[in-house]
Amino acid sequence: MTSKIRTYNPYRSCFETMSSNVAAELLRYGKSKPDCISLAQGEGSLPTPAFICDEVQKSLADGKTFYSFGAGLPELRQEIATYHAKSYGHNIPLNRISVTSSGTNAVHLALMSILDEGDEVVAVTPIWKNLIGITELAGGRIIDVPMEQTDGKWHLDLEKFFGKVNQNTKAMMIVSPNNPTGWVMPAEDIKTVLEFARARDIWIIADEVYGRTMHDISKAPSFLDYAEDDDLLYVVNSFSKTWAMTGWRLGWLIGPRDSEDKIRDVILYENMGPPTFTQHAGIVALRHGEEFLQSQKELWKNNQKIVVDALSKFPRVSMVKSPAAFYAFFKVEGETDSFALARRMIDEVGVSLAPGGAFGKGFNDYLRLCFAAKPEVLIEALRRLEPILK
Ligand SMILES: Cc1ncc(COP(=O)(O)O)c(C=O)c1O
């Protein structure tokens, strides 16, 4: 069959201007090599705990196979409110909570409810690449504000951040704890950002997917600790990382009181929400998942030590030891093309890492390694990396 040559573009024009996702191609490339160790994706090696999986089987056996409600099962929305009360001391009314088909989907729903074509979203970078893509797909444009390393820590200059806001700015996007750096926005800065945005009627999109992954304490400061019910604030969360449920595609979104019907409409016209039986499993994850989370955190902390010890032996490598999440985001002196370097690692030593350049401009001498792996796999990957990093 011959393929038709088109003289016009039948697709949305945003695909012509969207930034390319070379990192996703590299991820696929690494996965296509049978002996390659992949530490490129943001997920662990542990399967979802049995008590959560069992609940899905029970739900299916009980015939929980019908349409759910637009904003999610009322019982799950209630459980999310209870979880926020127990874990954070938040008091969130149910009409502010929507169940979503993942954290990624929650960001998409939030942006679809606020962005008009050409609106700008000022984002703290480095940032998870998909958030840039989601913004572009929704018709917006990311204006990035790179963090800097000072005194062995990642630091966001709030003046610089606020300086990028202009009349085209619709939202500010903050991922804290951050993927890839593990940086956590201090409570004082959260308050300042809230006040700044409130005074200008600008939205805040706070991605708090890693909020419970702090290595030494129970939770990171949240925008919900200080926000009022009507603030133009969307807080994104997910079951993926906290309870090892990346394949489930389940998350939630908390918005201001008047956002409920907007988000419900976007969900309604997109996919009518996540499967009913997985939502039932979400309830038990929230209710009984604390012990599992603690065991994951122990593993991550141990693994971080393995990675920091190994990488600190290479004079070309420098990194900040992060207080949260499960990534080592490290700089390799003398390298300027993280995409080429990541590809070389796959080809020459069989290890796949994420290129720093994927996380925003100015990070092309960095790589991201996900250490939520089995310790023996991590040790082998670090051994393999030696000839390239030394
Ligand atoms: C900052 C951030 N937000 C959201 C997600 C995606 O979460 P989900 O699996 O629920 O889509 C990720 C995944 O890596 C992430 O790093």
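Reader: Where is the place of His108?

Author: His108 sits in helix 5 (residues 103-112). Helices here are DSSP runs (H or I, at least four residues), numbered from the N terminus. This is a predicted model: local features need pLDDT of at least 70, side-chain atom pairs count only at pLDDT 80 or more, and totals for chains, interfaces and linings use all residues. Residues are numbered from 1 along each chain as its sequence is written, and side-chain values use heavy atoms, with hydrogens and water left out.

Reader: Why is His108 called buried?

Author: Buried means under 20% relative accessible area, exposed over 50%, partly exposed in between (1.4 Å probe, protein chains only). His108 has 16%, so His108 is buried.

Reader: Which residues does His108 touch?

Author: Ile134 and Glu270, not counting residues up to four places away in sequence. Contact means heavy atoms within 4.5 Å.

Reader: Why are helix 4 and helix 10 called roughly parallel?

Author: The axes of helix 4 (residues 74-88) and helix 10 (residues 276-288) cross at roughly 15° and come within 9 Å. Axes are lines fitted to C-alpha atoms, for helices over the stretch in contact, with angles from 0 to 180 degrees between N-to-C directions. Angles under 35 degrees count as roughly parallel, over 145 as roughly antiparallel, 65 to 115 as roughly perpendicular and the rest as oblique. Helix 4 and helix 10 are therefore roughly parallel. Among the residues that meet are Ile80 and Tyr83 in helix 4, and Ile283 and Leu286 in helix 10.

Reader: How do helix 3 and helix 10 cross?

Author: The axes of helix 3 (residues 50-61) and helix 10 cross at roughly 145° and come within 8 Å. Residues that meet include Phe51 and Val56 in helix 3, and Ala281 and Val284 in helix 10.

Reader: How far apart do the C-alpha centres of domain 1 and domain 2 lie?

Author: They lie 24 Å apart. The contact takes 34 residues from domain 1 and 43 residues from domain 2.

Note on methods: Helices (H or I, at least four residues) and strands (E, at least two) are DSSP runs, numbered from the N terminus. Domain bounds come from an automatic or database domain assignment.
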